[in-house]
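These are my notes on a structure I looked through. I wrote down each thing in the order I checked it.

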Amino acid sequence: MSLEITNLNKHFADKQLGQKHVLKDVTFNAENGRIVGLIGKNGSGKTTTFHCILNFIKYDGLIRLDGKEINENTYNRIGYLPEERSLMPKLTVYEQVRFLARLKGMSNQSIKDEFPKWMDRLGVVGKPNDKIKSLSKGNQQKVQLIATLIHKPDFIILDEPFSGLDPLNTDILKKVIFDEQRRGATIIFSDHSMSNVSELCDDVVMINDGRIVLNGPIQQVRDSYGLTRIIVRCALSTEELRAVPHVLSADRRKDGGVELRIEDEKYGSEIFNFISKGSYVRTFDHEPPTLDEIFKEKAGEKNE
Amino acid sequence: MNKIVLVFLETFKRQVKSWSFLIMVLAPFLAIGLGLLLGKVSSDNAEDMVKDVTEIAVVATSKNLQKQFESQTNVTIRYESLDKAKKALNKDKIAGYVSVSLKKGRYEARYHGKGSIDETSKAGIMNVLSRLQSSQNIVAAQLNNDQLHKLQVQPNFVEIKNSASKQNQIDKKQQEKFANKTAYMILLFVMYFILITYSTTTAQEIGSEKGTKIMEVLFSSMPAKNYFYGKMLGLTMVIVLHISIYAIGGGVIYALAPRLWGDEALFKTAYEMINIIFKHLISINLVYVLLMIILCTVLAALCGALVVRIEDSNKAVQPVMYLIIAGFIASMVFQGKPESVIVVALSYIPGVSAFFMPLRIINGTVGTIGIGVSLTLFLATVILAIVWCARVYPGLILQTDDEPLLKNLKKASNK
C-alpha cells in the first residue's frame with residue numbers, strides 16, 4: 001500500500017500565538033513495500049503527521065492511501081503502534097488481541113490460528129489467559145505489537161517502536177520489521193536513533209519545525225551532502241590534522257582513527273596528498289556524513 | 001461483524017462482568033430477601049410465643065367428641081390424655097386444658113390452668129358444648145320429625161347495603177388514585193436512581209479512556225464516531241438489562257410473595273391495584289424513561305470526554321446531575337397536580353418531559369396528540385444530542401490539554 005501526502009498543513013490553537021502552524025506544506029510519499037523513517041526533533045510534528053494519516057484530526061492538504069482517502073476498508077489494512085503503549089489492563093492477553101484483531105476484520109478462527117505463532121515469534125513471557133496488568137512492561141509492549149501486526153496489515157505505522165526495548169528485543173523487532181517488508185507491507189516509523197533508521201529504512205523524511213527538510217532514499221540523502229567526512233589513520237596527531245588546509249574539525253575516535261570534517265569533497269585529494277607527504281597513511285576513508293551528523297546539522301537550522 | 005456491534009458487545013460484556021454491576025443489581029434483591037427472612041423468622045417467633053402462652057387444650061373421653069373442638073380458635077386437640085395435657089401445662093406449652101365428658105346425658109367441662117381461661121376460648125368451647133348438648137337433648141326427648149323441624153327453625157338475619165354500587169365506585173376510584181400515585185412514584189424513583197448511578201458511571205468510563213493510547217489504536221481501526229455509537233449502545237443496553245432484571249425480579253417476587261408471606265388473601269385483595277401499577281409502568285412511559293436514559297448517558301459521556309483527569313469526571317458530570325435532580329424535585333412538588341399549567345408546559349420540554357409527561361399519562365390528563373408531540377420533540381432532541389456528541393467526541397477524546405471544560409468543547413467542535 002502506498003502513501004501520498006501533499007501540502008499537509010495543520011494548525012493548533014495556542015495560548016500565546018492564537019494559532020500554531022505545526023505542519024507546513026508537508027509533502028512526501030511512501031512507495032509500496034518500502035520502509036520509511038520519519039525523523040525530527042521532539043515536537044517537530046512526527047506524531048501529528050501520523051495522526052493526520054490516520055484521520056484522528058482535521059487537516060488541510062491531501063493524504064491518500066493507494067490513491068484513496070482512508071475509509072472502512074483501508075482501516076483494516078493499517079497497523080498502528082502508538083508512541084506510548086496502552087492496553088486494557090483488565091482483559092486477558094488473548095481477549096485484548098482478539099478484540100483489536102476483530103476490529104481489524106479478522107475472523108475468530110484466523111485469530112486462534114495466528115495468535116500462538118505471534119506469541120512464539122516475539123517470545124512473550126505469559127499465557128493467553130494472563131491479565132494484561134500482570135505482564136511486565138516489555139511483554140505488554142510485545143502484546144501491543146502482536147495486536148498491531150496480527151492481521152497482516154499492508155501499511156504499518158510505528159511511532160517510536162524501539163523506545164524502552166532492551167537490545168535483545170530491539171533485534172527481535174528489527175527482524176519483524178524486515179519480515180513485514182518481505183511480506184510486502186509498507187512501513188513508516190519514527191525514531192530518535194539514527195543508527196536504527198540507517199539500518200532499517202530505505203527512505204528517510206526529516207521534519208524540522210513542521211517543515212520537510214530531508215526527503216529521499218537514505219544513501220541519496222547522505223550523498224547529497226558530499227563526501228565531506230574522512231576517516232584517517234596516520235602518524236599525524238589530531239592537532240596536526242586540524243591544522244591541515246580545508247579541514248574544519250578533527251576528532252579522535254575510540255577505534256583509534258581520526259574523523260575529519262572538510263569544507264568540500266573536492267579538497268579530498270589535496271588533503272590526502274598533504275597527509276601522505278610526511279607519513280604512512282594506513283586508512284583514508286572518504287565518506288558522506290552520517291545520518292546522525294545530517295540530523296544534527298538540520299535540526300540546528302531555523303526554517304522561519 | 002459490524003465494528004459498532006463489536007464495540008457494543010465488548011462494552012456490554014465488560015460492564016456486566018464487573019463486580020460493581022453485580023452488587024448494584026443484586027443489592028435490592030438481597031435487601032428484600034433479608035427483609036423477608038427476618039420478617040418470617042420474627043413472625044414465626046411471635047406466633048410461637050402467642051401459642052405457648054394462650055393456647056387451650058381440649059381433652060375428651062372420646063376421640064369423636066374431642067374432634068368437635070378442632071375448628072375453635074386458640075384451641076388444640078393434639079393432647080390425647082389428661083396426663084399429656086397436664087405435662088404440657090407444667091412445661092408452659094399451653095395456657096390450660098379443658099377435660100370434656102358426658103355423664104348421664106349432660107356434658108361437663110372442667111378447666112385446669114395457671115390462670116383464668118380467656119373469654120374468647122371459653123365462649124368458643126361453650127358454643128360447641130351447647131350445640132352438642134342440644135343434640136343430646138333432642139335424642140333424649142324422642143321427638144318426631146315434625147317436632148324436630150320446628151325446633152330447628154333459626155332466626156333470619158338480612159343485610160341490606162344502601163347505594164352499594166356508588167360506594168363501590170368511590171372505593172374503586174380511591175384505589176385507582178392510590179395505584180396511579182404509586183405507579184408514578186415507582187417510575188420516578190427507579191428513573192432517578194438509574195440516571196444518577198449511570199450518569200456518574202458513564203462519565204467515569206469515558207473519562208478513564210480519554211487520552212490513553214488505546215483510543216488511538218481503536219481509532220486506527222474505525223472512525224471515532226462509530227466507536228462512540230458502539231460505546232453508547234453498550235452502556236445503554238447495560239442499563240436496559242439492569243431495568244429488565246428489576247422488572248423480572250419484581251414479577252417473580254409478585255408471584256412468590258403470597259407463598260413467602262403465607263397470607264394469600266392479603267395479596268388477592270392487592271392484585272387489582274398491582275395490575276393498575278403494572279399497566280402504567282409497562283406502557284408508553286417506558287419510552288420516556290428509555291429516551292431519558294439515552295440522553296443522560298450521551299450527555300454524561302460528553303462530560304466524561306471533556307476532562308483531562310478521571311478524578312475530574314464527577315465534577316464535569318454535574319450539569320447532567322443538576323438536570324436530573326431538578327427534574328426529580330420538581331416532579332415531587334407537582335406530583336399531586338397533573339393538570340397544573342406548569343406540569344403541562346414542562347411535559348413538552350425535551351428531557352424534563354420524562355419527569356412530567358408520565359404524570360399526565362398515568363392520571364389521564366393528556367391525549368394521544370399531546371403525547372405524540374412531546375415524544376417527537378424528545379426523540380428529535382435525543383437524536384440531535386447523539387449526532388452532535390459523536391461529532392465532537394473524536395476531538396475531545398484524544399485531547400490532553402488541561403484547559404477549561406468549555407474551551408475544550410469549543411476546540412473539539414472546531415477540530
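How many Å separate the centres of domain 1 of chain A and domain 2 of chain A, taken over C-alpha atoms? I found 41 Å between these two centres. I noted the bounds in chain A as 3-217 for domain 1 and 226-287 for domain 2; such bounds come from an automatic or database domain assignment.

Before going on, I wrote down the conventions: residues are numbered from 1 along each chain as its sequence is written, and chains are lettered from A and ligands numbered from 1 in the order in which they are written. This is a predicted model, in which local features need pLDDT of at least 70, side-chain atom pairs count only at pLDDT 80 or more, and totals for chains, interfaces and linings use all residues.

**Confidence.** I looked up pLDDT, the predictor's confidence in each residue, from 0 to 100. Chain B has a mean pLDDT of 83, with 88% of its residues at 70 or more. For the model I noted ipTM 0.81 and pTM 0.73.

**Domains of chain B.** Chain B is assigned domain 1 (55-151) and domain 2 (174-414). Their centres, over C-alpha atoms, are 66 Å apart.

**Where the chains touch.** I counted a contact when the C-beta atoms of two residues, placed from the backbone, lie within 7 Å. Chain A puts 20 residues into the contact and chain B puts in 16. On the side of chain B, α1 (3-16) and α8 (213-219) each give two or more residues. I found that α8(B) gives the most, with 6 residues. Helices here are DSSP runs (H or I, at least four residues), as strands are (E, at least two), numbered from the N terminus. By class, this side of chain B has 7 nonpolar, 3 polar and 6 charged residues. Nonpolar covers Ala, Val, Leu, Ile, Met, Phe, Trp, Tyr, Cys and Pro, charged covers Asp, Glu, Lys and Arg, and polar covers the others, Gly among them.

**Helix α11 of chain B and α16.** I then took helix α11 (residues 284-306) of chain B and helix α16 (residues 368-397) of chain B, whose axes come within 9 Å and cross at roughly 20°. Axes are lines fitted to C-alpha atoms, for helices over the stretch in contact, and angles run from 0 to 180 degrees between N-to-C directions. α11(B) and α16(B) are therefore roughly parallel; angles under 35 degrees count as roughly parallel, over 145 as roughly antiparallel, 65 to 115 as roughly perpendicular and the rest as oblique. The residues that meet include B:Leu291 and B:Leu295 of α11(B) and B:Phe378 and B:Leu379 of α16(B). I listed the contact as 22 nonpolar, no polar and no charged residues.

**α11 and α15.** The axes of α11(B) and helix α15 (residues 353-363) of chain B are 9 Å apart, at an angle of about 175°. So α11(B) is roughly antiparallel to α15(B). Among the residues in contact are B:Tyr288 of α11(B) and B:Met357 of α15(B). This contact divides into 9 nonpolar, 2 polar and no charged residues.

**α11 and α13.** Which way does α11(B) run against α13(B), roughly parallel or roughly antiparallel? I noted an angle of about 150° between α11(B) and helix α13 (residues 318-334) of chain B, with axes 9 Å apart. That makes the two roughly antiparallel.
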